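This report goes from the packing around one residue to the overall form of the chain. Look at the model before reading on.

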Amino acid sequence: MDNIKFGCFIAGLRKEKGMTQNELAKLLCVTDKAVSKWERGAGFPDIKLIESLAHALDVSVIEIMNSEKNIKEEFSRDNYVEAINNLIDISELQRRIEHRNYYICSSLLAVIIMLIFLIDNMQIEGFLFTCLPIVMAVIGIFLLGIGVCRKKQGKNIKALVGASCVILSYPILIIVILFWAMYLGGPLPK
């Protein structure tokens with residue numbers, strides 16, 4: 001299912017009805033940001049909302065799923081098959097997003113717990129000069145990798161690259177400070 005075509009179709013129907021995104025959102029019990037996301041093609045509504053969305057926009061579920069109005073009253077078997085396939089695609093996409101979010105949250109929780117124990121075990125100076133630069137370097141490289149993947153998809157990555165550069169500046173700064181201290185013969189942090 002084409003998310004851009006779907007978004008344009010929803011936006012067109014909403015405008016034909018003279019509704020704002022906020023009014024449609026209230027009818028569906030979602031936020032106006034969710035409606036905006038659908039219309040921009042950045043996501044799909046939850047499967048449970050498809051029937052309510054069709055009802056709010058005075059079209060059939062088949063028309064919503066095919067992202068086009070059927071002028072004739074009768075729907076062919078192909079229309080039904082295509083609509084069901086679109087529903088399956090959306091549910092698979094939503095399932096993958098839920099799994100990805102679960103893994104991200106679990107990983108973040110594990111890292112936070114690990115960092116708490118490291119800070120407790122080490123003095124703050126030791127943590128700031130050894131563990132934190134490594135963690136920041138890993139996060140920065142991870143964000144750059146995500147940026148490369150998004151660039152291949154044709155998405156805007158300026159904010160992502162900016163954030164990764166800011167994050168990577170800390171480990172680079174620590175390395176420069178340590179080499180400078182060694183060069184001057186001063187004491188190194190323990």
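Two residues are in contact when heavy atoms of theirs lie within 4.5 Å. The model described here is predicted.

**One residue and its neighbours**

Which residues does Leu57 touch, leaving out those up to four places away in sequence? They are Ile10, Leu13, Arg14, Lys17, Met19, Leu24 and Ile64. Leu57 itself sits in the loop that joins helix H4 (50-56) to helix H5 (61-66). Is Leu57 buried or exposed? Buried means under 20% relative accessible area, and Leu57 counts as buried because its relative accessibility is 2%. Arg100 lies 43 residues from Leu57 along the chain, and 32 Å separates the C-alpha atoms of the two.

**The nonpolar cores**

In soluble globular proteins, nonpolar side chains tend to be buried together. The largest nonpolar core of this model has 24 residues. Within this core, the residues that touch the most other members are Ile10, Leu24, Trp38, Leu53, Leu57 and Ile64. Two or more core residues come from each of helix H1 (3-16), helix H2 (21-28), helix H3 (32-40), H4, H5 and helix H6 (77-121). Another core, of five residues, lies apart from the largest one. Its members include Phe127, Cys131, Leu132 and Val135.

**The whole chain**

How many helices and strands does the protein have? There are eight helices and zero strands, and the pattern along the sequence is α-α-α-α-α-α-α-α.

The radius of gyration of the protein is 25 Å, whereas a compact globule of 190 residues would have one near 16 Å. Along the principal axes, the C-alpha atoms fill a box of roughly 85 × 30 × 30 Å. Of the contacts with a separation of 6 or more, 55% are between residues 24 or more positions apart.

Some totals for the protein are listed below.

| Property | Value |
|---|---|
| Buried residues | 30% of the 190 residues |
| Positive side chains | 21 |
| Negative side chains | 19 |

The centres of the positive and negative sets of side chains lie 9 Å apart.

Technical notes:
Residues numbered from 1 in each chain as written. Predicted model: local features only at pLDDT ≥ 70, side-chain atom pairs only at ≥ 80, totals over all residues. Heavy atoms only, no water. Helix = DSSP H or I, 4+ residues; strand = E, 2+ residues; numbered from the N terminus. Rg over C-alpha atoms; globule rule 2.2 N^0.38 Å. Buried < 20%, exposed > 50% of the residue type's maximum accessible area, 1.4 Å probe, protein only. Lys, Arg positive; Asp, Glu negative; His and termini not counted. Charge placed at Lys NZ, Arg CZ, Asp CG, Glu CD. Core = buried A, V, L, I, M, F, W, Y, C linked by side-chain atoms within 4.5 Å.
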